Amino acid sequence: MAQILKDDAVYQKYSDVLERGTASFEKILWNGKYYNYDNSGKSYSNSVMSDQCAGHWFLRASGIGDGEFQVFPQSNIHSALKTIFDLNVMSFANGTMGAVNGMRPEGVPDTSSVQSDEVWIGVVYGLAATMIHEGLVEEGFHTAEGCYRTVWERLGMAFQTPEAYCEKNIFRSLAYMRPLSIWAMQLALERREAEESAAP
């Protein structure tokens with residue numbers, strides 16, 4: 001916006017914030033494979049959070065996040081998404097229920113809170129969209145499929161989608177709005193198609 005308004009001072013101010021914030025985020029949370037849940041040093045601080053790339057998803061869905069506006073290193077995003085797929089998706093319920101919110105690095109769900117071992121449908125579809133944006137299309141659809149099949153086929157809640165469910169088919173907050181993020185998958189597919197058709 002500052003560029004559009006030709007306000008160089010504001011542009012420089014927020015560019016500096018972005019640069020410092022990016023460096024700090026990477027230094028504090030990146031562990032070489034994925035972004036830690038937090039830097040508290042507590043037993044759950046290195047849990048694998050399924051929506052750790054949500055900020056990157058927002059940028060990609062907005063059509064920014066590349067070039068001078070890149071916040072997260074591409075290699076880190078790919079590594080984090082692959083880790084989430086391997087642990088939060090495939091190591092949870094045999095890969096059939098979507099992505100659990102929190103997973104321990106050793107491949108068991110994080111039970112440190114009442115929400116860490118839940119699957120949040122809206123988060124799953126946002127994660128799937130992020131995977132699609134980053135070229136992990138098969139992984140994205142597999143992730144979303146587990147969630148879809150759980151809600152529509154196993155729980156029979158097609159028209160009253162809950163916010164969350166857990167492996168034991170317990171669910172809460174019916175008719176929740178966040179699952180509308182499924183449309184982010186469509187946007188991601190359209191963007192990928194446009195990028196591929198524009199490539200030389």
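Student: Which residues have the most contacts inside the largest nonpolar core?

Tutor: In soluble globular proteins, nonpolar side chains tend to be buried together. A nonpolar core is defined as a set of buried Ala, Val, Leu, Ile, Met, Phe, Trp, Tyr and Cys residues joined through side-chain atoms within 4.5 Å. Here the largest such core has 41 residues, and those with the most contacts inside it are Leu-81, Phe-92, Tyr-165 and Met-185. The elements that give two or more residues to this core are helices H2 (54–61), H3 (74–89), H4 (121–133), H5 (137–154) and H6 (182–198). H4 gives the most, with 8 residues. Helices (H or I, at least four residues) and strands (E, at least two) are DSSP runs, numbered from the N terminus.

Student: Which residues does Met-185 touch?

Tutor: A contact means heavy atoms within 4.5 Å. Not counting residues up to four places away in sequence, Met-185 touches Tyr-125, Ala-128, Ala-129, Ile-132, Phe-141 and Ala-144.

Student: What is the mean pLDDT of the protein chain?

Tutor: This is a predicted model, in which local features need pLDDT of at least 70 and side-chain atom pairs count only at pLDDT 80 or more, while totals for chains, interfaces and linings use all residues. Residues are numbered from 1 along each chain as its sequence is written, and side-chain values use heavy atoms, with hydrogens and water left out. The term pLDDT is the predictor's confidence in each residue, from 0 to 100. The mean for the protein chain is 93, and 100% of its residues reach 70 or more.

Student: Where is the largest share of the lining of the largest pocket found?

Tutor: Rolling a probe the size of a water molecule over the atoms shows where empty space is left. On a 1 Å grid over the protein atoms alone, a pocket is an open set of points where a 1.4 Å probe fits, with protein on both sides within 12 Å along at least five of seven lines; lining residues have an atom within 4 Å of a point. The largest pocket has a volume of about 500 Å³. Of its 15 lining residues, the closest to its centre are Met-1, Ala-2, Tyr-11, Tyr-14 and Phe-69. Helix H1 (residues 8–29) supplies the largest share of the lining, 6 residues.

Student: Is Asn-76 buried or exposed?

Tutor: Buried means under 20% relative accessible area, exposed over 50%, and partly exposed in between (1.4 Å probe, protein chains only). Asn-76, in helix H3, counts as buried at 10%. Leaving aside residues up to four places away in sequence, Asn-76 touches Glu-26, Trp-30 and Tyr-35.

Student: Where is Thr-111 placed?

Tutor: Thr-111 is in the loop between E2 and E3, and counts as exposed at 61% relative accessibility. Sequence distance and spatial distance may be read side by side. Thr-111 and Tyr-44 are 67 residues apart in sequence and 9.0 Å apart in space, C-alpha to C-alpha.

Student: What is the phi of Ala-93?

Tutor: Phi of Ala-93 is near 50°, a positive value in a residue other than glycine. Ala-93 is found in the loop between H3 and strand E2 (102–103), and is buried, with a relative accessible area of 13%. Lys-6 also has a positive phi, near 55°. Lys-6 lies in the segment before H1 and is exposed, with a relative accessible area of 70%.

Definitions and conventions: Points joined across faces, edges and corners; volume = space filled by probe spheres on them.
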